Amino acid sequence: MKKIAVFTSGGDSPGMNACIRAVVRTAIFHKLEVTGIMHGYDGMIKNEFILLHPKSVANIIQRGGTILKTARSKEFLTLEGRKKALENLKKHDVDGIVAIGGDGTFRGALEFAKICDIPFVGCPGTIDNDLIGTDFTIGYDTAINTVVDAVDKIRDTAESHDRLFFVEVMGRDAGLIALRSGIGVGAECILIPETVTDIDELTKRLKSGRKNKSSKIIIVAEGDEAGGAFTIAEQVKKRLPDYDTRVTILGHIQRGGNPSAMDRVNGSRIGFSAVEALLAGKQGVMIGVINKKITYTPFANAIKHTQRLDPELIRMLEILSL
Ligand code: F6P
């Protein structure tokens, strides 16, 4: 192996830069050339390759976002697009690839493997934590801290006005951000796509809570099947007209910001191990950290995120918020 490529793809996440830095510096330590591909799979198709040096990744470990930019490529979903991407990789003599991204990135890698013979490894970079094969994806910890910080502020005003707040957090298919941040802020309830949301049950729960509680916070994952926070709040308001209700959608602030120490360390470890995994002949696997140890999970298993949620944590949240 003489030259590897690294790229970021899908939604950006804090800690991706730490991971890129680790990939570049580890590769150079092992006398490999490193090319960065801009804008994920799109850049692979459009030939956006740049040479990376140790200095190219200086002063980025603390920055959110990704210096390599990112995209959700429509063209890569077509065989034609994937063929163009492969042509460019061959043109640049790439003989190993590190992809940093989430679910969609590894689905893309699985499809690509049908025509691409270049070894491919993945680093879990997504705020959603919806991948099997790592305790924490890169960016999840920072996003949780952003949510907790924002909801603490909402709690202050909710408490002053005796209000019920619905706070919508990210998670199109997964409620892991809602669950962990919900525990962290002492939310009264969380609504997530993995469990069925019953508005009547929710209303009952809100009414039966401690009587002198002045504020209530419901964390809603954006992918909840009952609708977004506005839709759910409207339905609850019909049943509980006396409640002073407000809705806040946290949106993309959850994806930005300086990565937490944990995301920097996790991103560095995973990026470092990804290069060493390629050199050891591994391919088609996502690098993760489980119980502090580096692990390798085939892409096909990594994307089965529905097995991820721990029902015991939901039960605990409900008991603790009484
Ligand atoms: O990064 C993952 C994610 O945050 C999802 O939770 C969310 O649904 C999605 O990205 C939204 O991303 P975008 O606005 O970039 O399409």
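The C-alpha centres of domain 1 and domain 2 lie 34 Å apart. The model is predicted. Domain 1 is built from two stretches of the protein chain, 3-139 and 259-302. Domain 2 covers 141-255.

On the domain 1 side, 15 residues are in contact with domain 2. On the domain 2 side, 13 residues take part. The size of an interface is often given as the accessible area lost when the parts come together. Here the area buried between domain 1 and domain 2 is about 1100 Å². Carbon and sulfur atoms give 52% of that area. Three residues stand out in domain 1: Ile127, Asp128 and Phe136. Together they supply 39% of the area that domain 1 buries against domain 2, more than any other three residues.

A salt bridge joins the side chains of Arg255 and Asp12, with 2.8 Å from N to O.

Helix α9 spans residues 261-279. This helix has 19 residues. From its first C-alpha to its last, α9 reaches 28 Å, close to the expected 27 Å. An α-helix has 3.6 residues a turn, so residues three or four places apart point the same way. In α9, the buried residues include Asp263, Asn266, Gly267, Ile270 and Gly271. Further along, Ala274, Ala277 and Leu278 are among the buried residues of α9. Gly281 follows the helix, and its phi is positive, near 90°.

How values were computed
Residues are numbered from 1 along each chain as its sequence is written. This is a predicted model: local features need pLDDT of at least 70, side-chain atom pairs count only at pLDDT 80 or more; totals for chains, interfaces and linings use all residues. Side-chain values use heavy atoms; hydrogens and water are left out. Helices (H or I, at least four residues) and strands (E, at least two) are DSSP runs, numbered from the N terminus. The expected span of a helix is 1.5 Å times one less than its number of residues. Buried means under 20% relative accessible area, exposed over 50%, partly exposed in between (1.4 Å probe, protein chains only). Domain bounds come from an automatic or database domain assignment. Contact means heavy atoms within 4.5 Å. Buried area is the accessible area (1.4 Å probe) that two parts lose on being put together, summed over both. A salt bridge is a side-chain nitrogen of Lys or Arg within 4 Å of a carboxyl oxygen of Asp or Glu.
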